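Here is a friendly walk through one chain, from its overall layout to a few local details. Have the model open beside you as you read.

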Amino acid sequence: MGTTVGQGAGMADVVVIGGGVMGSSVASIRQQFSTRVNVSISRFGIEFIRDFQTHLGHDVGIPSLGLRENGYLFLASTAGGAATMVDLAAMQRSLSAATEVLTPGEVARRFPWIETSDLS
């Protein structure tokens, strides 16, 4: 539950500023979800932003919305958590999400600043 600026006493767990692309990017469009419906909705959103001019059907004079796809890194410290991530990654890839599963050694090579001795 949000509050209007100036009201004072309100509390919010999440506040998204702006409703356009910048506000939505703060809220984060993710491809890593645990249901096929959420992955499909997210894939549609990503494709729309990547090629918005085509989806709008005419040139609006803005060559790019400035989307930066940095990705996410989810880590598991238990065998059960790692197995769940492997299963979710397979489902996400079946819907064309660019999801990778890395071993602890691969994480260490790509991100040498991350402590990996406790990963599964």
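## Ground rules

A contact here means heavy atoms within 4.5 Å. Helices (H or I, at least four residues) and strands (E, at least two) are DSSP runs, numbered from the N terminus.

This is a predicted model, in which local features need pLDDT of at least 70 and side-chain atom pairs count only at pLDDT 80 or more, while totals for chains, interfaces and linings use all residues. Residues are numbered from 1 along each chain as its sequence is written, and side-chain values use heavy atoms, with hydrogens and water left out.

## The chain as a whole

The secondary structure amounts to five helices and zero strands, giving the pattern α-α-α-α-α along the sequence. Of the contacts with a separation of 6 or more, 43% join residues 24 or more positions apart.

The chain has 120 residues, and 18% of them count as buried. Buried means under 20% relative accessible area, exposed means over 50%, and partly exposed lies in between (1.4 Å probe, protein chains only).

Which residues of α4 are buried? They are Ala82, Ala89, Met91 and Gln92, and the buried residues of α4 pack against α2 (36–50).

## Ser96, after the helix

α4 is followed by Ser96, which sits in the loop between α4 and α5 (104–110). The phi of Ser96 is near 70°, a positive value in a residue other than glycine. Most residues other than glycine have a negative phi.

Ser96 counts as exposed because its relative accessibility is 52%. The C-alpha atoms of Ser96 and Val39 are 9.2 Å apart, although 57 residues separate the two along the chain.

## Aromatic pairs

There are three aromatic pairs in the structure. Rings of Phe, Tyr and Trp (its six-membered ring) pair if their centres lie within 6.5 Å; planes under 30 degrees apart count as stacked, over 60 as edge-to-face and the rest as tilted. One of the pairs is Phe44 with Phe48, tilted at 35° between the planes and 6.1 Å centre to centre. Being four residues apart in helix α2, Phe44 and Phe48 are separated by about one helical turn. Phe44 is exposed at 55% relative accessibility, whereas Phe48 is partly exposed at 29%.

Phe111 and Trp113 form an edge-to-face pair, because their planes stand at 85° with the ring centres 5.7 Å apart. Phe111 is partly exposed with a relative accessible area of 21%, and Trp113 is exposed at 66%.

## A nonpolar patch

Leu56, Val60 and Ile62 make a nonpolar surface patch of about 220 Å². Nonpolar patches join side chains (Val, Leu, Ile, Met, Phe, Trp, Tyr) within 5 Å, using residues with over 30% relative accessible area and no salt bridge. A salt bridge is a side-chain nitrogen of Lys or Arg within 4 Å of a carboxyl oxygen of Asp or Glu.

Val60 has its place in the loop between α3 (52–56) and α4. At 36% relative accessibility, Val60 is partly exposed.

Key:
Patches are made of residues with over 30% relative accessible area and no salt bridge: like charges are joined within 9 Å, nonpolar side chains (Val, Leu, Ile, Met, Phe, Trp, Tyr) within 5 Å. Accessible areas come from the Shrake-Rupley method with a 1.4 Å probe; for residues, only the protein chains shown count as cover.
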